[in-house]
Amino acid sequence: MAEFRFDRRDVEFVLFEHLKIGSLCGLGPYAGQDVESYESILGAAYDLAKEQLWPINAESDRIGARFSGGKVTVPECQKAFHKTFVENGFVGMANSPDWGGMGLPNLLSIACNEAFVAGCMAYTLTPMLTRGAARIIESHGADWMKKLYLEKMYSGAWSGTMCLTEPQAGSDLAAVKTKARRDGDSFLLEGTKIFISSGDHDFTEQIVHPVLARIEGAPAGIKGISLFLVPKVVPNADGTLGAPNDVACGNIEHKMGIKASPTCTINFGENGNCRGWLIGQENNGIVYMFQMMNEARLEVGLQGLGLAGAAYMQALSYAQERVQGVSLKGAPREAGAKPQTIICHPDVRRMLLGMKAQVEGMRALVYETARHMDLAESLPTEAERKRADGIVQLLTPICKAYSTDMGFRVTEDAVQTHGGYGYCQEYPVEQMLRDMKITSIYEGTNGIQAMDLVGRKLTLDGGALFKEYATGLSAFIDANAAHAVIGPWIAKLAAARDQLVAATKTIGKALAGGDPMYAFLVSTPYLRLFGDVACAALLLEQALVALEKLGPGDLASHRAKAESDEQVRFYVDKLSTVQFFVHTYLPRAASYAETIVSGDRSALEVGFPTA
């Protein structure tokens, strides 16, 4: 079995040196917490991922979830791990201690969960969905729901799902047909949901389903959809489990990846006895479910990051050990040159630094978004909290789509670095690539994320979210334009900023001019443009931190010192990583911007042959 490989040093750098998680300790819900505790919790998560989760990853993939006799089972190794995971309190890390959570920052939770994703992504879906379902109840449920469900869910004793998709209604939730009929103080539900992750399993006896359904007589379309709490087993008032609730799994999907995660078809009310309770107000279900979807979208972006980071580390290790060919700098083989490890070859080094740069940019982006989630809950004034929440809203679709699209490319390069061995099951990157692909599809395909960014986030409050972001970006550029070391890199960021602004104006004109087709046609290149700019800006912030740690001197002198000092080596390598991103990935911004401002409508005008 390959060793667990995780870039803990860069995670610690982002948490404690770049984003300074300790600054949260004096704010609101985090008052009284301390950095030493955060370090200890991160270390515990890393150890658990390394020592207990990673060793069952390949076995979980090989065995997979099973469906027999109407029941779903997960691999026994995962059940054993789940018990340990729950006992350590990791399900509700960032959730309210009033209901059994640990009350820690989202930023710390994201970092810990990156380690768990690297350990076994398929396992992480159940706790992710559980805390998301519990958060909906906490935010919008009745008091009796909170008392009966929340502590058991945040503790991991019960689990949760998200039930949206139907056979005829994939991403088009307005087409939902699941019915809800009033019956006293509850409703009787009837319908089928598909592609439900963790929809049935034997991790827990109780599974809590937030279900989108339409009350009889409700308006057509999305404005007539309500949200219901539907337990697999109806609990008694004291929290013990009562009778089954006519919720049945019809089958599980046979998938490319995440095979140990049961993806289920769930039938509600086949016998007319499925009971659900309204969450919040009637016909407002989409609003409530979007809360869970947005939180899940950040965590799916984290999945892209976590798998890509793990794949890069596996590729790095392989390149350091695999002997193949001779160095181009040395004597030829005929003159007696010895074969070298492949990390000495220029193209392999290009792939490795490309993976590293992309992963570290994605890590900065996802972690920064999580930090703003914490600020939105803890800053002292309403205006400050609103500003922080605006950044979360703007960056969430970018986190989800950019990190999963780029994460797939990183993982692809990790397979390529392994050569033919990367295509074989004996090496973990093969599974990582299969597991990765779903991340650009579920929780709203990446095309939908781009449409959300362009159609909703750019237009909110008259474009206030983008203006706020652009103002902060320009302030950073102006403050560092003359920097002795990174000034030239900042100039490239300034050019990419201008391209982003021009592309944003083009899209704004299309939307204002009644041409949404064009705006959505270029929404994916726009999201990728935004992602490259956001990652470059955050990496340049990290470059400033690294230079401060290194002290006086130019890049050449720092590189000379790095030969004999590992601590110096980390910061010098950080600068090389930023330099590579700025010169190799940031130039994509010009290409994306050219596509957007071109006005080219050929994809809308081409006459594709019909079937």
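**Helix packing**

Author: Helix 8 (residues 346–378) packs against helix 9 (residues 382–418) at an angle of about 160°, and their axes are 8 Å apart. Axes are lines fitted to C-alpha atoms, for helices over the stretch in contact, with angles from 0 to 180 degrees between N-to-C directions. Helices here are DSSP runs (H or I, at least four residues), numbered from the N terminus. This is a predicted model: local features need pLDDT of at least 70, side-chain atom pairs count only at pLDDT 80 or more, and totals for chains, interfaces and linings use all residues. Residues are numbered from 1 along each chain as its sequence is written, and side-chain values use heavy atoms, leaving out hydrogens and water.

Reader: How do helix 8 and helix 9 run relative to each other, parallel or antiparallel?

Author: Roughly antiparallel, therefore; that label needs an angle over 145 degrees.

Reader: What residue classes make up the contact of helix 8 with helix 9?

Author: There are 21 nonpolar, eight polar and four charged residues. Nonpolar means Ala, Val, Leu, Ile, Met, Phe, Trp, Tyr, Cys and Pro; charged means Asp, Glu, Lys and Arg; the others, Gly among them, are polar.

Reader: Now helix 1 and helix 2. At what angle do their axes cross?

Author: Roughly 155°, and the axes come within 12 Å. Helix 1 and helix 2 are therefore also roughly antiparallel.

Reader: Which residues of helix 1 meet helix 2?

Author: Arg8, Val11, Glu12, Leu15 and Phe16 do, with partners including Tyr38 and Leu42. Contact means heavy atoms within 4.5 Å.

Reader: New topic. What caps the N-terminal end of helix 17?

Author: Asp565, with a side-chain oxygen 2.9 Å from the backbone nitrogen of Gln567.

Definitions and conventions. A polar contact is a pair of N or O atoms within 3.5 Å; within protein, one must be able to donate a hydrogen and the other to accept it, and residues adjacent in sequence count only if both atoms are side-chain atoms. Helices (H or I, at least four residues) and strands (E, at least two) are DSSP runs, numbered from the N terminus. Angles under 35 degrees count as roughly parallel, over 145 as roughly antiparallel, 65 to 115 as roughly perpendicular and the rest as oblique.
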